[in-house]
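Today I am opening my notebook on aromatic rings and how they pair up.

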Amino acid sequence: MDIKIKKLILDIMYDDKLNSRNRYTFVEKLVNTMMKDYISKQEKPVYINYLDKSKTNNSIIEYDLYAPNGFDDYIEKTVIEISLFHSSPMLRHTLRHKIERFENNNYELKNIIILTMNERLNSELLADLNEHARLNVYLWDIDKFLYICESNKELFFDTYNNLYKYIVRDTITKGIERKPKAYVKKRDQYLKDLKKEYHSDNLTLFLGAGVSHDAKIATWENLISGLFVALVKKSLKTNGIQLADDSEKEVIKEVMTQNGYSPLLQTRFLRQGFEEDFEDLVRDILYKDAIKTSKLLTELGQLCVSLRGKSGIKAIINYNFDDLIEKNLELLRMKVHSIYSEGEKVENEELGVYHVHGFLPENKGTYENLSKSLLVFSEEGYHKLSLDPYNWANMVQLEFLTKSSCLFIGLSMTDPNLRRLLDIAAQKANNDSCNHYAFMKRIKLNADTNNQKELDSFEQVNEELQESFFRELGVNIIWFDDFNEIPELIKEIK
């Protein structure tokens, strides 16, 4: 037995810097590479991430590795599945579910090999699994896999030393081979998964600026521009100067350029310029052209209405300042509790809407203690939020990210603090599954020349890479082509 190989594998398994998905990705690459080499040398076919279609209900299941003609003493159709649980109860539950899924869908399998990478396996677990299974179940521990690795040490060390490079290369290759409409099939499956989470009372909504866009709430750019106009006019008026309309755009452009087009720098500058009346001015600009509802807000409201005997949505994490979601929920006679500071409690019959970046309702007289809300509108506010791990807003987000399935709507997913929280949640996860979902718009490149095929290939590779990046954070991407599709996709969940 090669002790060095075993130590390298265990280093991955117990590396605190890796979350469960990183760990799984690295182990999966090693297993796929070594097993494909080992089985291929026996002149038998082997497929990685093989998709098998059920003969009974047209559902599709994916095998980690599939050897249709078997290998060694494993005769006929054989599947190898990777499972990295250390807890016997969790491992038993997961394996039973996986085996039942294979059997219930009438897949014509003979053998299933579960590769756990555990150093020791409970013999009772194997006996229990075989007692309840109609196919042959085999458990492989790390020593069994070491035998495969020792058959080609050179390949093992090359793969181990270049894991990142090979994983990215595989992702790009997968993107190039990806079918143009692959995202549609994935989307359909994700919507089914979301529907299951919703009906299990386990779905939390994370809402961003895109949710309020159709209701004509001022965008971030319009908000900043409006504040600059007000600040410049205020300063000039103090000095007896009236700014002409045709000069406003030029002045705003120059001031924004001087601030490096950084929204955080710009807003810090603005907040200092307005002092006490800053929040009232932001509120006026925010709701200046707003309407009460939109198709998207309507469908979100309907999703939040609980079915008989169900709770519906667990909670809403809202990154927006506005109260449009509350207004739409109240029209549906729902009991809503807006939370924008520490220490507030949501009652059982209420739906909590957590404004984690601050709250500026249109009618501030409707709410109490709004001054306690931290308006994350400038550098100091953002730094306070991102640098304080025990800030109530961070704690609330982590609570739902670790204990429920979350759907991100109207968010670009580029916020560093959100990605940090997702990474922490992924570290805490006790399995390698992706429990969260995000609606994201596809990039569509159109060429006037004959290069459309190359551009299509880039789109497919980009989608595969984006999916891979977000998978490490526990997020599945649900691609769409037009923002008008989102209300209909939400309707499918209910």
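I searched the whole structure of this predicted model and found 21 aromatic pairs. Rings of Phe, Tyr and Trp (its six-membered ring) pair if their centres lie within 6.5 Å; planes under 30 degrees apart count as stacked, over 60 as edge-to-face and the rest as tilted.

I looked up Phe26 and Tyr164 next. Their ring centres are 5.2 Å apart and their planes stand at 80°, so I noted the pair as edge-to-face. This pair links distant parts of the chain, 138 residues apart: Phe26 is in helix H2 (residues 20–40) and Tyr164 in helix H7 (residues 163–177). Helices (H or I, at least four residues) and strands (E, at least two) are DSSP runs, numbered from the N terminus.

Is Phe26 buried or exposed? Its relative accessibility is 8%, so Phe26 counts as buried. Tyr164, at 59%, counts as exposed. Here buried means under 20% relative accessible area, exposed over 50%, and partly exposed in between (1.4 Å probe, protein chains only).

Then I checked Tyr354 and Phe400, a tilted pair with 5.7 Å from centre to centre and 55° between the planes. Tyr354 lies in strand E11 (residues 351–355) and Phe400 in helix H17 (residues 392–403), 46 residues apart. Both Tyr354 and Phe400 are buried.

I also found a cluster: ring pairs link Tyr38, Phe71, Tyr74, Tyr138, Trp140 and Tyr147.

A note to myself on method: residues are numbered from 1 along each chain as its sequence is written. Local features need pLDDT of at least 70, side-chain atom pairs count only at pLDDT 80 or more, totals for chains, interfaces and linings use all residues, and side-chain values use heavy atoms, leaving out hydrogens and water.
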